[in-house]
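Have the viewer open and follow along.

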Amino acid sequence: MQDRYGHRISYLRVSITDRCNERCTYCMPQELQEWLPREGILTFEETLRLIRIAADLGVSKVRITGGEPLTRRDVINFIGRIPEISGIKSIGLSTNGTLLAREITPGETMAAALRDAGVNSVNISLDTLDRETYSQITGRDFHEQVLSGIDVAIAAGFGQIKLNTVLMRGRNEDQLIPLIEFAGARDLILRFIEMMPVSTTDVLDEDNFMSILEAKRTIESFYGSLMPETGFRTNGPATYYQLPGRKQRIGFIGAMTNLHFCESCNKLRLTCDGKLRPCLGSYLEFDIMRPLRAGASDAELRQFFLDVVDRKPREHDFRNSYQPNRKMIAIGG
Ligand code: SAM
Ligand code: SF4
């Protein structure tokens with residue numbers, strides 16, 4: 001699958017729920033959230049069929065996200081069926097980490113079950129090492145659970161674990177160095193993410209936005225010049241650097257300030273309510289649940305995917321007074 005700007009689509013980000021056990025300020029609307037009714041959510045069978053069709057069209061990597069994907073019942077069985085899909089070479093999971101250490105059967109943690117089900121890369125959100133600040137950001141007192149979730153994930157032996165930190169002025173700007181040290185001590189890749197206007201609009205403003213450039217300056221004033229690693233890429237838009245004198249790698253995701261951000265985009269998103277979304281930062285989305293439930297053939301659904309990819313914009317709209325039509329929690333990041 002290739003769009004009209006030459007983006008080759010090989011990566012499908014699949015949100016399996018709009019529900020979450022946390023309430024991060026930058027992700028959830030602050031007014032009371034109404035969850036989607038169950039019949040409005042793609043069943044796992046439907047989701048697997050769409051992944052299969054995407055794989056036929058060249059998708060080789062999927063990432064399961066949400067909401068918090070680990071809150072959905074039977075998630076392990078669902079993920080365990082993805083490796084059967086021919087063409088899928090990599091399965092990622094994005095999680096807030098709160099449930100990774102939970103024992104799902106005696107002696108078996110959620111993290112170990114996910115690894116056995118075929119997950120090779122896990123992204124865990126961690127914005128601060130301070131418990132109080134964590135509670136303020138997420139609305140929940142789950143800091144300890146996340147820290148043990150990270151340890152348990154390391155012990156489970158995933159191919160790759162990354163920590164994701166959303167930059168927030170006044171909230172976690174004092175945490176950049178502690179988080180780098182935390183990640184370094186565990187041999188994990190840490191990535192700093194610029195906040196995007198995909199929540200209530202008032203969350204992102206001049207008072208709380210912090211650019212990756214500013215984060216880099218803070219880091220460099222502490223460690224010395226960062227060394228760009230142009231040869232290293234994961235599947236996403238992050239740019240990576242090495243800390244001087246160390247093997248440690250850190251990444252930056254600058255959707256707002258990096259003008260080249262969209263050039264290497266290889267992604268398509270499937271929301272839990274069955275919308276194909278060609279770009280996180282564009283209003284465009286297309287309801288594939290309707291034809292799916294109306295009995296469309298695989299060939300028709302394949303054509304649907306191709307039509308959506310053809311509508312993929314050259315770049316996101318975040319810098320053009322974008323007003324979110326959907327919250328991040330409903331898209332899946
Ligand atoms: N619940 C999981 C988690 O927190 O990792 C997966 C879903 S969450 C929507 C995926 C990622 O999006 C997380 O790393 C989160 O920090 C990030 N995110 C959410 N809202 C954001 C925003 N407004 N700007 C930038 N990143 C955001
Ligand atoms: Fe939940 Fe993740 Fe959104 Fe936080 S960022 S509210 S953990 S979906």
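Start with helix 5, whose 14 residues reach 20 Å from the first C-alpha to the last, close to the 20 Å expected at 1.5 Å a residue (the expected span is 1.5 Å times one less than the number of residues). Before going further, some housekeeping: this is a predicted model, where local features need pLDDT of at least 70 and side-chain atom pairs count only at pLDDT 80 or more, while totals for chains, interfaces and linings use all residues. Residues are numbered from 1 along each chain as its sequence is written, chains are lettered from A and ligands numbered from 1 in the order in which they are written, and side-chain values use heavy atoms, leaving out hydrogens and water. Helices (H or I, at least four residues) and strands (E, at least two) are DSSP runs, numbered from the N terminus.

Which residues of helix 5 are buried? They are His143, Val146, Gly149, Ile150, Ala153 and Ala156. Because they cover an arc of only 140° around the axis, they sit on the same side of helix 5; the arc is that of the directions from the helix axis to the C-beta atoms. Buried here means under 20% relative accessible area, exposed over 50%, and partly exposed in between, with a 1.4 Å probe and protein chains only. On the face turned away from the buried side, helix 5 carries the exposed residues Glu144 and Ala155. Just after helix 5, Gly157 has a positive phi of about 80°.

What do those buried residues of helix 5 pack against? Their partners are helix 3, strand 6 (121–125), helix 4 (131–138), strand 7 (160–166) and helix 6 (176–185), with contact meaning heavy atoms within 4.5 Å.

Now look at helix 3 (residues 110–117), which packs with helix 5 (residues 143–156) at an angle of about 40°, their axes 8 Å apart. The axes are lines fitted to C-alpha atoms, for helices over the stretch in contact, and angles run from 0 to 180 degrees between N-to-C directions. Helix 3 brings Ala111, Ala112 and Arg115 to this contact, and helix 5 brings Val152, Ala153 and Ala156.

Further along, helix 9 (residues 298–310) has 13 residues. Its buried residues are Leu301, Phe305, Val308 and Val309. They lie on the same side of helix 9, because their arc around the axis is only 100°.

Finally, zoom out: the protein chain has ten helices and 14 strands, and 57% of its 333 residues count as buried.
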